[in-house]
Every structure is written in structure tokens, then in C-alpha cells.
Amino acid sequence: MTKILLLSDTHSYIDKDILKYAKQADEVWHAGDIGDLKVTDAIKALKPLRGVYGNIDDAEVRVEFPEHNRFMCEGVDVWITHIGGYPPKYNLRVSDAIKQNPPRLFICGHSHILKVMPDKKLNLIHMNPGAVGKHGFHKVRTMLRFTIDGKKIDNLEVIEFPVRHPKEV
């Protein structure tokens, strides 16, 4: 069994609370808009990290991380990209490829909106962990954690952090 922490849209932000959850995982996956490699360096100091670059990421981040990251985790085919859309309206960058060879788990970020939903037509699970950074329109910072045990994706939890801008309350 592999314990996964899934996050996205850090926009250069990392703190002890995020790292506390990273320590509890076996692997951390980042779905783009890293912002600064200090974020991923802090995570990599604790746990193995898989990630992709996002639309705000500079050349330095793009050298270290790919646009698409497709891999097997135990018995689950995983595809992470930053801008992917939602079932059934996937982004044009991935639409043809996902329909021709769908993964079991499709992960993206970008929207800052946490969503987990099935695509029954393609027999996949779509996950977007929302945004855990402090830049953007979102009010609540979110991440996901779950387990992969063989071919089973299980124990999904939403991790929420307090309102981003306490002065706005």
C-alpha cells in the first residue's frame, strides 16, 4: 500500500503544515504551478516527489519537471498534468490522448477548485486537489490524500486549511 499526498498550485508557498502531511505520506505528487523550486526541494528532503510544471512556472522549474507525468503506482496507471479539464470536457492538449489510452487516475490542477469525480465513459477517476498556496481567488487551501493498494484507490481524504486571508473574514 502506498500513501499519497496530492497537492497543486503552491505558487511558491510552503509551510510546516504542508510538510507535516508530506511526512505522513509515502509519496507526494504535485500537479503544477510550483512557483519556486524551494517548494519542491523542501518536499523532496522528506519524501519522494512526482510532479509537473504549470502555466506560471519558469524555465528553471520546467527543466526539472515535465508537462505530463504518466507512471504506474502499484497497479494503477496515473497521469498528472497541470491543465487537463474535467470529464467529459478535457483540455485540447490531452483530449485525444486520454480518449485513446485513458489512465485509471487522471490528475490535474490549475482551477484552484477541488474536485474528485468519475469518468464512467473512460473508466477513470479524475482528481484536482484544489490549491494549497496563498495566491489566487480560493478562500480555503486544500490538498488530498489517499492510498493505492494494488489496483485499488482508497481512503480518500480532503485536507483543508483555514481561510487564506484571515483579515478578510
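Predicted model: local features only at pLDDT ≥ 70, side-chain atom pairs only at ≥ 80, totals over all residues.
A polar contact is a pair of N or O atoms within 3.5 Å; inside a protein, one of the two must be able to donate a hydrogen and the other to accept it. Keep that in mind for Asp 36, which caps the N-terminal end of helix H2 with a side-chain oxygen 2.8 Å from the backbone nitrogen of Lys 38. Let's look at two helices, then at two buried residues.

**Helix H2**
- H2 covers residues 37-44, and its buried residues are Leu 37, Val 39, Thr 40 and Ile 43.
- Looking down the axis of H2, you'd find those buried residues within an arc of 150 degrees, so they line one face of the helix.
- Here's some background: an α-helix has 3.6 residues a turn, so residues three or four places apart point the same way.
- So what covers the buried residues of H2? The cover includes strand E1, helix H1, strand E2 (27-30), strand E3 (49-51) and helix H3 (59-64).

**Helix H1**
- H1, which spans residues 16-24, has Ile 18, Leu 19, Tyr 21 and Ala 22 as its buried residues.
- These sit within an arc of 160 degrees when you look down the axis of H1, so they too line one face of their helix.
- At the start of H1, Asp 15 has a side-chain oxygen that comes within 3.0 Å of the backbone nitrogen of Asp 17.

**Ser 8, in a loop**
- You'll find Ser 8 in the loop that runs between strand E1 (2-7) and helix H1.
- Is Ser 8 buried or exposed? Its relative accessibility is 0%, so Ser 8 counts as buried, given that the cut-off for buried is under 20%.
- The Ser 8 side chain makes a polar contact of 2.7 Å with the side chain of Asp 9.
- Setting aside neighbours within four places in sequence, Ser 8 has quite a list of contacts, including His 30, His 82, His 110, Pro 129 and Val 132.

**Val 61, in helix H3**
- Val 61 belongs to helix H3, and with a relative accessible area of 1% it is buried.
- Which residues does Val 61 touch, not counting those up to four places away in sequence? They are Ile 34, Leu 37 and Tyr 53.
- Leu 37 is also one of the buried residues of H2.
- Val 61 and Cys 73 are 12 residues apart along the chain, and 23 Å separates their C-alpha atoms.

Note on methods
Residues numbered from 1 in each chain as written. Heavy atoms only, no water. Helix = DSSP H or I, 4+ residues; strand = E, 2+ residues; numbered from the N terminus. Buried < 20%, exposed > 50% of the residue type's maximum accessible area, 1.4 Å probe, protein only. Contact = heavy atoms within 4.5 Å. Arc of directions from axis to C-beta.
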